[in-house]
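Please read it alongside the sequence and the coordinates.

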Amino acid sequence: MNQHHTYTLYRDLKHSPYWYYLAYSPDDIRTCGHSTGCTSKTAARNYCDDLLKRGLLYNGINLTFEQYAYGWFDDGSAWMQDRLACGTPDHPALSPAYIMKLQSDLRLYLLPYFAGKKLQNIKPSDVKHFRTWCIQEKKLAFKTINNTVSTFRIITDTALADNVIMFDPLRGIRPLVDVSKTRDAFTLKEAQKIFSAEWKSKETKLVNFTAALTGMRISEILGIRKENLHKTYIDLSDQFHLGRLSPLKTKEARKIPIPQELYEQLLPLCSKGFAFHENDPQRPYIHLRYVLTDIGMESAREKRHLCFHSWRHFFNTYLLAENVPPVKVAAVLGHSTGAGSMQERYTNWNPDMFPEVYAAQVKLIKLLQP
């Protein structure tokens with residue numbers, strides 16, 4: 001390898017008296033400029049030659065992905081400490097669920113595939129092959145693969161910023177397009193049929209009924225307990241996820257209107273703490289599926305991807321049909337649009353601010369339980 005393909009010296013006397021260098025990878029990709037701290041070209045050349053001998057001219061040349069990325073998302077890691085420092089106790093920068101997701105992406109997919117590869121040798125074509133491996137070998141959904149690549153980007157962006165690698169291995173990589181149909185919403189007639197059917201458990205029926213009347217996520221419903229249940233609303237500031245209470249998905253607390261009849265059904269269940277003491281997120285899903293099969297909606301469920309989350313779409317659609325202002329619908333359902341958004345005004349609302357929602361809920365109860 002000749003000197004030109006190792007580094008190049010340059011300077012601009014209008015801006016600095018020092019010599020700078022560009023380092024080159026084996027495939028002739030160059031880094032951004034770095035100062036040698038030398039005003040003499042000879043001294044600058046000696047400086048670069050010394051870096052080259054010590055293997056420091058281009059830091060990424062010897063590191064494998066595993067050497068660089070192992071433990072990246074562990075407790076106490078530099079990246080984790082920095083990210084957590086960006087949050088507050090009330091609004092943590094990272095939720096426990098997201099941290100677990102990052103750790104799983106690295107452990108289950110990124111390290112098994114990229115572990116022994118030299119960090120500086122990972123090219124966009126390798127990333128494309130990785131996605132194919134995820135599809136064919138791991139049977140992952142496109143959304144999961146896109147999320148895993150985003151986790152990979154966290155690591156490579158740092159490597160780029162620190163000049164550990166010379167080029168972005170994700171340049172030109174666009175997310176996979178998921179052509180599968182999104183989850184549909186239940187129609188009002190379907191909802192009436194569902195709640196008129198026989199259920200295996202009164203508790204799981206009430207979980208589904210609560211979702212239909214509030215649009216709450218399953219983890220939010222499982223977090224309902226004595227201290228956050230009020231006569232006219234649920235004070236939602238956390239969720240029961242992965243076996244423990246954790247911050248909400250949007251990290252934004254909200255108060256959810258509830259009609260009197262739903263309050264009266266939930267109150268007795270909260271006498272010992274959580275309304276749904278088993279806190280098993282699978283049972284409401286499974287029992288709903290049994291009901292859909294019993295009432296002849298199995299094919300519709302598969303074709304339209306109907307599931308528990310479809311109650312959230314159902315309630316959203318219902319409120320809009322009842323002419324509830326979209327900003328209030330977003331506030332009730334917890335659709336996040338970022339800091340400073342209009343719905344932030346409703347974080348500390350009082351019940352009088354949502355008369356349209358209460359009226360719609362009262363009407364909906366009569367429709368679902370005639």
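Where is the place of Asn228? In this predicted model, Asn228 sits in the loop that runs between helix 9 (218-221) and strand 4 (233-236). Asn228 is buried, because its relative accessible area is 5%, which falls under the 20% limit for that class. Once neighbours within four places in sequence are left aside, the contacts of Asn228 are with Gly223, Tyr233, Ile234 and Asp235. Asn228 and Cys270 lie 42 residues apart in sequence, and their C-alpha atoms are 9.8 Å apart in space.

**The chain as a whole**

The protein chain contains 15 helices and 7 strands, and 46% of its 370 residues are buried. Of the contacts in the protein chain that link residues at least 6 apart in sequence, 64% join residues at least 24 apart.

**Two nonpolar cores**

The largest nonpolar core comprises 54 residues, and those with the most contacts inside it are Phe186, Ile194 and Trp311. Helix 8 (residues 202-214) gives the most to this core, contributing 6 residues. The surroundings of Trp311, leaving aside neighbours within four places in sequence, consist of contacts with Phe186, Ala191, Ile194, Phe195, Asn208, Ala211, Ala212 and Leu288.

| Helix pair | Angle | Axis separation |
|---|---|---|
| Helix 4 (residues 96-114) and helix 5 | about 130° | 11 Å |
| Helix 5 (residues 124-136) and helix 6 (residues 142-161) | about 140° | 10 Å |

With an angle of about 140°, helix 5 is oblique to helix 6, since only angles over 145 degrees count as roughly antiparallel. The crossing of helix 5 and helix 6 is right-handed. In this contact, Val127, Phe130, Arg131, Cys134 and Ile135 of helix 5 meet Phe142, Ile145, Thr148, Val149 and Phe152 of helix 6. By class, the residues in the contact of helix 5 with helix 6 are 8 nonpolar, 1 polar and 1 charged.

Helix 4 passes helix 5 in a right-handed crossing. On the helix 4 side the contact is made by Leu108, Tyr109, Leu110, Pro112, Tyr113 and Phe114, and on the helix 5 side by Asp126, Val127, His129, Phe130 and Trp133. By class, the contact of helix 4 with helix 5 has 9 nonpolar, 1 polar and 1 charged residues.

Most residues other than glycine have a negative phi. Asn323 has its place in the loop between helix 13 and helix 14 (326-333), and at 67% relative accessibility Asn323 counts as exposed.

Is Asn316 buried or exposed? Asn316, which is found in helix 13, counts as buried because its relative accessibility is 19%, a value under the 20% cut-off. Not counting residues up to four places away in sequence, Asn316 touches Val329, Leu333 and His335. The C-alpha atoms of Asn316 and Pro326, 10 residues apart along the chain, are separated by 9.2 Å.

Tyr285 lies in helix 11 (residues 282-294) and, with 31% relative accessibility, counts as partly exposed. The residues that Tyr285 touches, not counting those up to four places away in sequence, are Ile218 and Phe308. Tyr285 and Thr204 are 81 residues apart along the chain, whereas a distance of 8.5 Å separates their C-alpha atoms.

Technical notes
Residues numbered from 1 in each chain as written. Predicted model: local features only at pLDDT ≥ 70, side-chain atom pairs only at ≥ 80, totals over all residues. Heavy atoms only, no water. Core = buried A, V, L, I, M, F, W, Y, C linked by side-chain atoms within 4.5 Å. Buried < 20%, exposed > 50% of the residue type's maximum accessible area, 1.4 Å probe, protein only. Helix = DSSP H or I, 4+ residues; strand = E, 2+ residues; numbered from the N terminus. Contact = heavy atoms within 4.5 Å. Axes fitted to C-alpha atoms, helices over the stretch in contact; angles between N-to-C directions. Parallel < 35°, antiparallel > 145°, perpendicular 65-115°, else oblique. Left-handed = near helix turned anticlockwise from the far one by under 90°. Nonpolar A, V, L, I, M, F, W, Y, C, P; charged D, E, K, R; others polar.
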